[in-house]
There are 2 protein chains.
Amino acid sequence: MNPLSFELRGRDGDARTGRLTTPHGVVHTPAFMPVATYGAVRGVDAVDLESLGAEIALTNTYHLHERPGEAVIEELGGLHEFSGWRRPWLTDSGGFQITSLADRVELDEDGVTFSSALDGTRRQLTPESVVAIQQALGSDIAMVLDECVPEAVADRARAASAQARSLRWAERARRAHQSKDQALFGIVQGGSVASLRRESARETASLGFDGYAHGGLGLGETDDARREAICEAQAELPSTHPRYLMGLGKPEDLVRAIDCGVDLFDCVVPTRHARHGLLFTSQGQIVVRNARFARDEAPPDPNCDCPTCTHHSRAFLRHLLRSGESLGARLASLHNLRFTLRLMERARDAIEKGRFAALRDEIIALAGVRLG
Amino acid sequence: MNPLSFELRGRDGDARTGRLTTPHGVVHTPAFMPVATYGAVRGVDAVDLESLGAEIALTNTYHLHERPGEAVIEELGGLHEFSGWRRPWLTDSGGFQITSLADRVELDEDGVTFSSALDGTRRQLTPESVVAIQQALGSDIAMVLDECVPEAVADRARAASAQARSLRWAERARRAHQSKDQALFGIVQGGSVASLRRESARETASLGFDGYAHGGLGLGETDDARREAICEAQAELPSTHPRYLMGLGKPEDLVRAIDCGVDLFDCVVPTRHARHGLLFTSQGQIVVRNARFARDEAPPDPNCDCPTCTHHSRAFLRHLLRSGESLGARLASLHNLRFTLRLMERARDAIEKGRFAALRDEIIALAGVRLG
């Protein structure tokens, strides 16, 4: 029994809709996964997420490994029981977080050694241990450990070396992964070098994963370079399998990638922007902390059906954010998450009606619009 | 047309139930008012408050005067429109906040002069200006400015002087208050000196307010001294009018005061305790951050119907609070507020069935119980 099945439904150019069936339910793609760092999105719980229309969420293996530890979560029945989010979970491998958060990170062929950001102890994660941790967490979809190259556009040698090591690690992860009720995704690397990404995709696909991610993008490359990187890789990936673009979530980035045929997304942008008072709306972005909204009784987005827009004004939201009330961050996050999840709903609908190009162009045009 | 009507319903000893009709709806008493410092309870919005069973909320005049200012709120249609809480609001006078938060506070017969905690500017509030601010805010119930004596048990001379000035200020507030759609409550002072409180109550009542508050209690006096202070004052207050004990909200304090015939309460204790991980439950208090709850899959209170207890475990709540996730404070606050509001529901029911003494004794007994 396969832990994952993916059924393609509609198609419009390269954009596509699908039905991803996981051990904890169905996900309609293209789908956006809110990021629940410690098993919860900041200020937003599982009941909220469900009411916003989320069908799958992502949590960070590194953070949960540090606290409370995968043993505690496993003992409590796994992520779904622990967090109250009983729909599908995807866990990342932790590699990206280690590189960006931990101290004294050392990579060798065996794995990653680092000093815990929590207690300073020296720890090691390997392709095998990262699989074991994710199995203990009990996510529906696990990710292989990859070597992340943090620079925007790495030089070719550096990108080639990281891509080669990521591939060897992927093979070890594939062997270590025994679960019948958890899927495992491979990750395409290769920096912004199209030929490397194509090679990485071909070799990763030859290992046979349940789905494939584009890693190491959104680090400063141009829109055209990203499109090329995605397209080159996807030419080598089985079109029958889900494709996941890691870590990008601005509306214009989402529609551009959907246009290339990407199915899954995750990003902290909707919630991080929200905490800073930057809201996505159907009329452009608004910086709701700005003085021009002090007396604005309109909802953040008059065309939005989220709990914030249904009950509160821009003036009240501005007041809360300026007063440092955590409710402001919560209400703004609910809105930006709903905007993003609704964009996925609109994308699925547009693809199935053969009208995706119009939606894509509308959203890209809005990216340049700032209402105050 | 009176802005407030109060109908007494049931009685059990001195404890009583009532129906307080305000311009924005009915409040069943005894009632607890969650504290919405900046027009919102920390992490909890109007929709949440309504679902928790709140019927009236309190907000702090001083905080709203500083930010965003009463002019902005008035322009936006008043507190109800601004905050989204369209049920009754009570505003405090701001006197207590000035004394505890502002710098360089100077009291004279005219009023209170202080340096704003926000921008350092020198400001003055008088009995008249505090009435005007609350009228601009548009609350259902306004409070007179009183002279707060911050010490636990003030000496008699200090208490007598503050009580006398509070009375002169109350008279000025009474004259200044012209609103037909806002009630005004007087405040009984007198420290812990029973004879002073009796005198304060008599003279405050002779000014004729819509309701009466006990001020300056909960500052370290014994339970017996507080009971005496309340009873002495109430002997002089019209029993037909609502009585409000300001700033106390631990479960045992609430039932003790209800037992004396108090009708209204407000307190930050439920939410402040929650943020520190201290939860009220039907089995006693639990400090949910403690290690013993790390693997506890039970809800915070198995007998609670709040959203937190319905969906989440002690282990998850502990994890969120220890990880500094604001969701932890929110979920704990939802629980403690629901516990407190439900205690009011139980008190009303018990009073009407003539069984209040049993509830009172049960809650007082629980006050000594700490589950970890």
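This note goes through the predicted model point by point, from conventions to chains, interface and local geometry.

1. **Conventions.** Residues are numbered from 1 along each chain as its sequence is written, while chains are lettered from A and ligands numbered from 1 in the order in which they are written. This is a predicted model, in which local features need pLDDT of at least 70 and side-chain atom pairs count only at pLDDT 80 or more, whereas totals for chains, interfaces and linings use all residues.

2. **Fold content.** Chain A holds 15 helices and 16 strands. Both kinds of element are DSSP runs numbered from the N terminus: helices are H or I with at least four residues, strands are E with at least two.

3. **Overall dimensions.** The radius of gyration of chain A is 20 Å, close to the 21 Å from the globule rule for 372 residues, so chain A is as compact as a globular protein of that length. The radius is taken over C-alpha atoms, and the rule is 2.2 Å times the number of residues to the power 0.38. Along the principal axes, the C-alpha atoms of chain A fill a box of roughly 60 × 45 × 40 Å.

4. **Packing.** Of the 372 residues in chain A, 58% are buried. A residue is buried if 20 or more other C-beta atoms lie within 10 Å of its own, exposed if 12 or fewer, and partly exposed in between; the C-beta atoms are placed from the backbone. Take the contacts in chain A with a separation of 6 or more: residues 24 or more positions apart account for 68% of them. Contact requires C-beta atoms, placed from the backbone, within 7 Å.

5. **Interface.** In chain A, 35 residues are in contact with 35 residues of chain B. Which elements of chain A give two or more residues to this side? They are helix 1 (46-52), helix 3 (70-75), helix 4 (79-83), helix 12 (307-311), helix 13 (314-322) and helix 14 (326-352). The side of chain A that touches chain B divides into 17 nonpolar, 9 polar and 9 charged residues. Here Ala, Val, Leu, Ile, Met, Phe, Trp, Tyr, Cys and Pro count as nonpolar, Asp, Glu, Lys and Arg as charged, and the others, Gly among them, as polar.

6. **Symmetry.** Chain A superposes on chain B by a rotation of 180° with 0.0 Å of shift along the axis, at RMSD 0.0 Å. The two copies are thus related as by a two-fold rotation axis. The same surface serves both copies, as 100% of the contact residues of chain A recur in chain B.

7. In chain A, strand 2 (residues 15-22) and strand 3 pair in the antiparallel sense over 5 bridges. Pairing requires at least two DSSP bridges. Leu20(A) has Val27(A) of strand 3 as its bridge partner. A hairpin of 2 residues joins the two strands.

8. **Cis peptide.** Thr29(A) and Pro30(A) are joined by a cis peptide bond, with omega about 0°. Pro30(A) sits in the loop between strand 3 (25-29) and strand 4 (31-36) of chain A. In chain B, a cis peptide bond likewise joins Thr29(B) and Pro30(B).

9. **Positive phi.** Arg104(A) is not a glycine, yet its phi is positive, about 50°. Arg104(A) is in strand 7 (residues 103-107) of chain A. Buried or exposed? Arg104(A) counts as exposed, because it has 9 C-beta neighbours inside 10 Å. For Arg104(B), phi is also positive, near 50°.

Notes:
Contact = placed C-beta atoms within 7 Å. Least-squares fit on C-alpha atoms with pLDDT ≥ 70 in both.
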